[in-house]
Amino acid sequence: MGASGKKLKVAIMGAKGYPYVYGGYDTMIRELGERLVAKGVHVRVYNHRSLFPEKPRFVNGIECIYTPAIETKKLTQLSHTFFSMVHACFSDVDVIFVVNSGNGPFGIIAKIFRKPTAINVDGLEWLRPKWKGFGAKYFKWASKMATKHFDQIINDSDEMRRVYLELFNKDSRVIAYGANPRESVDSAPIKKWDLESRDYFLIVGRLVPDNNAELIVNGFLKSDSKRKLVIVGDVPFEDEWSSRLKQVQDPRLFFIGYVTDPNELAALYSHCYAYFHGHEFGGTNPAMLKALGYGCSILALDTPFNQEMLQNGKHGWYFQKEPESVKEIVEKAEAEPESMDSFRNSARSGLTQRYNWDYVTEQYLEVFEELAGK
């Protein structure tokens with residue numbers, strides 16, 4: 001409840017919207033938004049107008065506002081947040097919550113209107129290969145602006161908090177990303193791709209260079225494995241890098257594109273022999289949380305974020321950024337099935353309380369109430 005006993009009103013923006021679920025931010029807005037509504041908070045989500053043919057005002061108790069954007073690849077997301085921010089500042093919301101550090105500069109608009117703000121900055125965007133040159137400079141500058149103009153910075157891992165302290169001299173609050181563990185999942189859906197349980201290694205993620213699918217594919221093909229390597233994910237637009245990767249010819253490689261059915265995805269995770277995690281620049285990664293929640297044995301690129309999530313080797317093995325290291329880990333995994341079993345058995349215990357959505361929501365609510373009370 002707000003200070004005067006009326007409902008706390010929170011506006012959320014910076015993702016595609018609700019109940020649209022495609023990326024990590026959209027998932028977070030759904031999980032967080034529905035739980036906040038259940039706790040008596042008025043939640044408003046700013047939706048990307050062009051993505052919603054139907055435009056209901058309320059969905060599951062969440063108020064949806066459909067704001068426009070300048071529809072070009074580079075400006076869509078930023079212009080959408082700009083219009084949403086202006087709309088929210090002229091409304092009676094108590095707190096504005098923004099996701100994505102690219103939106104950092106817009107905090108100044110809320111400052112002028114004296115609206116309390118929080119931002120989830122996520123990942124080292126400026127290091128990602130897709131933002132070469134100006135894009136990388138923009139993201140680094142935008143992240144710095146976020147630390148100057150927003151009242152509360154939120155990171156989803158201790159490692160990101162350390163980076164922000166070091167680079168921008170700004171402390172942040174760590175609230176992890178949530179997970180939804182599932183126990184036994186039927187293997188029937190994987191028959192669709194002629195797959196058998198434990199008969200394949202799995203990669204899940206967008207086909208972009210920083211997820212290192214190419215490295216994993218090259219290393220895997222060097223190994224003597226008789227299993228398949230299944231790659232789930234794609235890119236929303238044609239690009240040279242992903243097209244080249246998809247042209248690699250080997251009977252063990254299966255590119256199956258996007259899998260939108262949650263039961264199919266759950267079955268693919270649950271029945272893989274091991275899950276490869278090559279993501280390099282994120283904080284808490286949703287694909288990794290799914291792998292833990294579905295009880296996968298995990299082979300991850302050796303980064304500080306992946307060390308933090310797998311509790312320094314308690315829940316998986318690490319490989320280095322070279323094909324030879326991938327080849328070795330594939331052969332080691334196949335030579336030690338009992339190690340793979342023990343990782344599967346302990347995976348869900350890796351989802352400690354910090355990754356529980358109810359607990360995550362409690363922490364966000366605390367932040368919003370503190371800000372509204374200022």
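**Sheets, salt bridges and a positive patch**

Eight strands make up an open sheet, and their order is E3-E4-E2-E1-E5-E6-E7-E8. The pairing in this sheet is mixed. Strands E3 (58-59) and E8 stand at the edges. Each has a single partner strand, so one side of each is left without a neighbour in the sheet. Keep in mind that this is a predicted model.

E3 is joined to strand E4, residues 62-67, by two bridges. These two strands run antiparallel. Which residue of E4 is the bridge partner of Val-59? That is Ile-62. As background, strands of a sheet pair through backbone hydrogen bonds, either parallel or antiparallel.

For the parallel case, go to E12 and E13. Strand E12 covers residues 274-277, and it pairs with E13 in the parallel sense over three bridges. Phe-276 has Leu-299 in E13 as its bridge partner.

Now look along E13 itself, residues 298-301. Ile-298 and Ala-300 point one way. Leu-299 and Leu-301 point the other way. Are these side chains buried or exposed? All four residues are buried.

His-279 lies in the loop between E12 and helix H9 (286-293). Its relative accessibility is 13%, so His-279 counts as buried, the limit being under 20%. Compare its position with Met-309, which is 30 residues away along the chain. The C-alpha atoms of His-279 and Met-309 are separated by 12 Å.

Next, charges. How many salt bridges does the model have? The count comes to 24.

Arg-30 forms a salt bridge with Glu-31, and the closest N and O atoms are 3.4 Å apart. Arg-30 is partly exposed, at a relative accessible area of 29%. Glu-31, at 8% relative accessibility, counts as buried.

How accessible are the two partners? Arg-161 is partly exposed, with a relative accessible area of 33%. Asp-171 is partly exposed too, with 38%.

Third, Asp-250 forms a salt bridge with Arg-252. The closest N and O atoms are 3.3 Å apart. Arg-252 is buried, with a relative accessible area of 16%.

Last stop, the surface. Which residues form a positive surface patch? They are Lys-73, Lys-74, Lys-130 and Arg-206. Take Lys-130 as the example. Lys-130 lies in the loop between strand E6 (117-120) and helix H4 (134-149). With a relative accessible area of 43%, Lys-130 is partly exposed. A patch residue needs over 30% relative accessible area, so Lys-130 passes on that point.

To recap: the eight-strand sheet is open, with mixed pairing. The salt bridges come to 24. The positive patch includes Lys-130. That's my tour.

Methods. Residues numbered from 1 in each chain as written. Predicted model: local features only at pLDDT ≥ 70, side-chain atom pairs only at ≥ 80, totals over all residues. Heavy atoms only, no water. Patch = residues over 30% accessible without salt bridge, like charges linked within 9 Å, V, L, I, M, F, W, Y side chains within 5 Å. Areas by Shrake-Rupley, 256 points an atom, 1.4 Å probe, with all protein chains shown as cover. Salt bridge = Lys/Arg side-chain N within 4 Å of Asp/Glu carboxyl O. Lys, Arg positive; Asp, Glu negative; His and termini not counted. Charge placed at Lys NZ, Arg CZ, Asp CG, Glu CD. Buried < 20%, exposed > 50% of the residue type's maximum accessible area, 1.4 Å probe, protein only. Pairing = 2+ DSSP bridges.
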